[in-house]
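Here's a quick tour for anyone meeting this structure for the first time. Have a look at the model, then read on.

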Amino acid sequence: MLYADVILPLPLHDTFTYAVPQNMEDNIKRGCRVVVPFGTKKIYTAIVARVHDQRPDFPEIKSINELLDTTPIVTEKQLQLWKWIASYYICTIGEIYKAALPGGLKPKDENAIREKNKRRRNLFAQDDTFLNNEKCVSSLSEAQQKAFDEIEESFKSHNTTLLHGVTSSGKTEIYINLIKKYIDEGKQVLYMLPEIALTTQITERLEKVFSDCMGVYHSKFTDAQRVAVYQKQISNEPFKLILGVRSSIFLPYTNLGLIIVDEEHESSYKQQEPAPRYHARNTALVLANMYGAKTLLGTATPSFEVYHAARKGKYGYVELNQRYKNVKLPDIHVVDIKELRRKKLMKGAFSPVLIDAINEALTNKKQVILFQNRRGFSNFIECKNCGWVPRCEHCDVSLTYHKKNNQLTCHYCGNTYTLPECCPACGEKNFINKGLGTEKVEDQIKEIFPEATTLRMDLDTTRSRTSYENIINDFAEHKADILIGTQMVTKGLDFDNVSIVGILDADTMLNQPDFRSYERSFHTLSQVAGRAGRKDQQGQVFLQTRNADSDIIKQIVENDYWNMFYNQMMERKDFHYPPFYRLINVYLKHKDNQLIGHLADDMAALLRKSFGDRILGPDCPPVARIQSMYIRKIMIKIEITASTEKVRNALTAIQSQMLQQPVAHGLNIYYDVDPM
Ligand SMILES: [Zn+2]
Ligand SMILES: [Zn+2]
């Protein structure tokens with residue numbers, strides 16, 4: 001009799017053992033999918049982790065219902081990677097399985113499987129009709145060629161190399177040439193981009209060169225499309241190039257030679273919710289190592305972790321500080337809005353100098369990008385009479401006002417509320433809007449420049465992939481004069497006709513209570529400034545701030561990465577932050593507000609027994625209740641040299657001890673390792 005230990009798509013640490021019916025014995029293998037009963041009624045698609053003949057020590061053993069694959073659908077290397085992620089990020093293998101496979105590969109009932117298979121075949125048929133574009137690997141410039149040669153040289157001694165190239169230095173051309181080289185050598189390449197930067201622009205550009213051997217893996221694609229890419233990767237003729245977002249590290253590969261992580265500094269490479277809370281860039285390094293592949297990390301503004309590693313010689317380092325075709329870096333004008341506000345010279349969010357610049361751009365048929373990193377109309381509304389602020393019933397946050405629908409929305413749980421007629425606290429009908437969202441910016445633009453046409457790009461206007469791309473295409477075709485947006489407008493979009501970029505309020509980013517806020521502001525503001533100016537014209541950037549004299553603003557204006565890095569690193573060293581220390585956030589969640597306080601105190605006390613003064617908290621996180629669950633956070637700062645295995649074992653032991661108490665019923669404990 002054979003038995004199979006299987007991984008279920010549930011947050012379980014352990015595998016479950018099932019009996020293998022005789023008719024499956026010849027075909028069942030590690031990595032195959034099986035349909036299994038679970039509990040009294042449920043049926044799941046599980047992954048076989050081990051086949052063996054040791055009968056487990058419990059009376060009733062359920063049998064596998066169905067074997068879905070005769071060859072493994074999850075490869076040995078994938079299972080190894082899952083194991084590493086579960087161990088490093090302290091989560092369960094079941095959570096990784098859930099995240100790693102497209103939904104269509106883990107349906108719950110058999111009919112759904114058949115239906116999906118049918119659709120998948122249709123999709124494959126479409127996939128075969130690839131575009132037959134001319135092959136065009138472009139004219140590297142002298143500077144690009146030099147960087148290309150240096151990367152090759154660096155790869156001889158380093159598995160990982162950082163390509164530090166200013167915005168618009170033409171990193172993509174270098175990538176294309178590298179990809180081509182590896183494919184010609186018979187290797188596979190994974191080219192990773194942050195979700196929002198993976199647009200038709202870049203896809204079309206790569207398709208022109210690699211049409212017949214490239215697959216795109218994007219979370220906004222339909223499940224059937226993702227299943228098709230996945231299936232192709234385990235077929236005999238896998239794609240040689242995968243262009244994908246962070247989840248593409250979960251695809252099967254056979255012969256990976258190179259991974260490119262573009263915009264490596266992007267915090268969206270880290271998954272926040274739900275588990276696995278993995279960092280795709282860091283996981284990519286592990287993946288590359290498994291295949292003996294090289295990794296190129298590209299960015300204009302390196303993350304501290306990567307730059308630090310490059311400076312210490314752990315990673316290779318290649319610099320490209322010449323903009324492609326020698327386009328000048330934009331001229332950044334700092335506008336002190338503190339003074340202008342005092343003198344009442346501001347028109348809404350706009351300084352006179354920015355208004356003049358926009359006017360001039362519009363007269364010259366040029367385009368403008370306005371950046372405001374908050375969506376909605378106002379951050380919150382307030383009763384002018386008594387100060388009442390509407391808040392979410394389920395979360396500890398004030399509600400954001402969206403004027404278009406005349407609605408109040410919770411940006412944490414998504415619940416919407418109608419705006420009350422009058423203040424429920426005092427009965428007055430006098431609400432004021434506080435704060436500046438992209439919707440309000442658009443309103444003000446329509447007042448100040450009634451003749452200008454506008455587009456808005458934020459989470460509210462880009463719910464579907466097509467809407468996002470339509471905005472980009474319309475703006476590129478000059479169907480609008482002014483593009484207003486959140487950080488979405490910063491992601492490597494190239495518009496030829498943009499002469500002015502306005503950063504309406506740099507302070508909201510700088511004032512975030514987070515040790516990374518300066519680093520992040522530098523990334524974002526440099527990126528947004530880099531959108532101005534192309535080809536023949538130097539772009540003009542107007543940066544509005546109340547902190548015009550601060551060092552960080554000066555560093556952004558002068559594009560002085562080094563000094564920003566140096567100053568911030570001194571602070572991080574003093575206060576035990578990454579990259580000098582590793583952070584792990586422990587979260588506790590419970591429905592009961594009083595109980596969660598006690599439980600968090602208990603857990604912190606237990607943690608202190610093992611970790612001493614490396615433990616901070618427990619604290620209430622900035623939003624301490626989400627979807628009716630109360631949250632507490634305990635932070636652990638660990639020496640970079642400490643064994644991750646020992647730390648994990650200590651944490652999971654304390655977790656078990658906590659959860660064994662009857663009083664802890666309903667308590668949820670989870671971890672965020674290397675939080676962003
Ligand atoms: Zn009131
Ligand atoms: Zn809410």
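## The zinc site

Along the chain, the donors of the zinc ion (ligand 1) follow the spacing C-x2-C-x36-C-x2-C. Those protein donors are C383 (SG), C386 (SG), C423 (SG) and C426 (SG), and they lie 2.2 to 2.3 Å from the zinc ion. (Donors here are N, O and S atoms within 2.8 Å of the metal, or 3.2 Å for Na, K and Ca; water is not among the atoms, so sites may look incomplete.) The site is tetrahedral, with angles of 106 to 113 degrees among its four donor atoms; four donors get that label if all angles lie between 85 and 135 degrees.

How covered are these cysteines? C383 is buried at 1% relative accessible area, and C423 is buried at 2%. C386 is partly exposed at 40%, and C426 is partly exposed at 31%. (Buried means under 20% relative accessible area, exposed over 50%, and partly exposed in between, using a 1.4 Å probe and protein chains only.) As for disulfides, meaning pairs of cysteine sulfur atoms within 2.5 Å, the count is zero.

## Where the numbers come from

This is a predicted model, so local features need pLDDT of at least 70 and side-chain atom pairs count only at pLDDT 80 or more, while totals for chains, interfaces and linings use all residues. Residues are numbered from 1 along each chain as its sequence is written, chains are lettered from A and ligands numbered from 1 in the order in which they are written, and side-chain values use heavy atoms, leaving out hydrogens and water.

## Salt bridges

The structure holds 31 salt bridges, each being a side-chain nitrogen of Lys or Arg within 4 Å of a carboxyl oxygen of Asp or Glu. One of them joins R30 and E76 at 2.8 Å, N to O. That pair links distant parts of the chain, 46 residues apart: R30 is in the loop between β2 (16-20) and β3 (33-38), and E76 is in helix α1 (residues 76-88). (Helices, H or I with at least four residues, and strands, E with at least two, are DSSP runs numbered from the N terminus.)

Another pairs R342 with E339, with the closest N and O atoms 2.7 Å apart. Why are these two about one helical turn apart? Because they sit three residues apart in helix α10 (residues 337-342). R342 is exposed at 59%, whereas E339 is partly exposed at 30%. There's also a network of salt bridges linking E442, K446, R456 and D458.

Terms used:
Tetrahedral: all angles 85-135°; square planar, octahedral: opposite > 155°, others 65-115°.
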